[in-house]
Amino acid sequence: MLKRVDIVGNPNVGVFITATDNLAIVPYNLLDERIDIIKEALDVDVIKSSISGSSLIGSLSVANSNGIVVSPHVLDREVKQFEDMGLNVATIPGQFTAVGNIVAANDNGAIASPFLEEDAIQVLEETLDVDVKASHIVGSDIIGSLIKVTNKGFLMSPHALQSEVNFAREVFGVEGDIGTVGRGIPLVGACIIGNSSGAIVAKDSTGPEMARVEEALGFLDDDF
């Protein structure tokens with residue numbers, strides 16, 4: 001299901017929420033009516049939590065069906081909560097805390113900032129159980145903000161080169177395309193939450209943007 005809804009009060013829904021095919025992790029202060037929208041659109045269980053005491057869950061984590069990698073400043077109670085849910089949890093070593101901003105991953109592969117050290121790449125590979133490729137995208141290292149990827153497809157910044165789109169296809173093992181949301185916002189990873197069942201995009205997204213999201217994320221043949 002594809003929805004165009006204001007979930008967090010601004011377009012950056014992906015900054016606050018992490019979603020996989022199995023669950024969505026949302027801030028404690030998210031209204032129950034918004035949680036119901038997420039449950040319906042993504043067909044997942046939703047849990048309220050924080051990372052490092054912050055509501056910026058999407059920025060401070062990257063997850064797939066195999067595990068979740070979070071900021072090194074995560075609190076012990078947060079780790080325990082995730083582990084009690086059966087999640088494989090690891091912290092990213094090094095100086096970078098906003099792992100969700102610099103890594104994009106699905107169940108087939110991941111693209112990470114080339115600034116990450118080898119030990120950080122190893123943690124990502126072991127926890128998410130995927131091969132991780134380090135690369136800039138459109139000359140930037142904020143990979144997670146520039147790409148929204150699921151197990152059905154991906155959408156990248158419209159500034160991405162065709163060679164970068166082809167690279168993403170190889171890494172993620174799914175088809176994808178370029179596009180924007182929220183009337184021209186290129187940071188599609190920051191402005192979309194989604195999985196194999198559906199997606200929620202910035203409220204101001206136009207009809208053509210919605211159509212591109214629908215096609216890129218592999219929902220074109222789904223019955224909405």
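The legends below describe close-up views of a predicted model.

**View 1. The aromatic pair formed by phenylalanine 154 and phenylalanine 172.** The structure holds one aromatic pair, and a pair of this kind is described by the distance of the ring centres and the angle of the ring planes. The ring centres of phenylalanine 154 and phenylalanine 172 are 5.9 Å apart and their planes stand at 55 degrees, so the pair is classed as tilted. Because phenylalanine 154 belongs to strand 12 (residues 154-156) and phenylalanine 172 to helix 7 (residues 162-172), the pair ties together parts that lie 18 residues apart in sequence. Phenylalanine 154 has a relative accessibility of 0% and therefore counts as buried, and phenylalanine 172 is likewise buried, with a relative accessible area of 0%.

**View 2. The largest nonpolar core and the elements that supply it.** In soluble globular proteins, nonpolar side chains tend to be buried together. The largest nonpolar core in this model has 32 residues, of which Ile7, Ile17, Ile38, Ile192 and Val213 touch the most other members. At least two residues of this core come from each of helix 1 (13-16), strand 3 (23-27), helix 2 (32-42), strand 14 (192-194), strand 15 (199-201) and helix 8 (207-216). Helix 2 makes the greatest contribution to this core, giving five residues.

**View 3. The surroundings of isoleucine 17.** When neighbours within four places in sequence are left aside, isoleucine 17 is in contact with Ile7, Val8, Ile25, Val26, Pro27, Leu30, Ile38, Gly58 and Ile193. Two of these partners, Ile7 and Ile38, are named together with Ile17 itself among the residues that touch the most other members of the largest nonpolar core.

View 4. Three strands form an open sheet in the order 1-15-14, with mixed pairing. Strand 1 (2-4) and strand 14 are the edge strands, each of them pairing on one side only. On average, and with direction ignored, neighbouring strands of this sheet are turned by 15 degrees against each other. Strand 14 pairs with strand 15 in the antiparallel sense over three bridges, and isoleucine 193 has isoleucine 200, in strand 15, as its bridge partner. Helix 2 lies across strand 1, strand 14 and strand 15, and runs at about 130 degrees to strand 15. Helix 8 also packs on the sheet, where it touches strand 1, strand 14 and strand 15, and its direction makes about 150 degrees with that of strand 1.

How values were computed: Residues are numbered from 1 along each chain as its sequence is written. This is a predicted model: local features need pLDDT of at least 70, side-chain atom pairs count only at pLDDT 80 or more; totals for chains, interfaces and linings use all residues. Side-chain values use heavy atoms; hydrogens and water are left out. Rings of Phe, Tyr and Trp (its six-membered ring) pair if their centres lie within 6.5 Å; planes under 30 degrees apart count as stacked, over 60 as edge-to-face and the rest as tilted. Helices (H or I, at least four residues) and strands (E, at least two) are DSSP runs, numbered from the N terminus. Buried means under 20% relative accessible area, exposed over 50%, partly exposed in between (1.4 Å probe, protein chains only). A nonpolar core is a set of buried Ala, Val, Leu, Ile, Met, Phe, Trp, Tyr and Cys residues joined through side-chain atoms within 4.5 Å. Contact means heavy atoms within 4.5 Å. Two strands pair if DSSP finds at least two bridges between them. Axes are lines fitted to C-alpha atoms, for helices over the stretch in contact, and angles run from 0 to 180 degrees between N-to-C directions.
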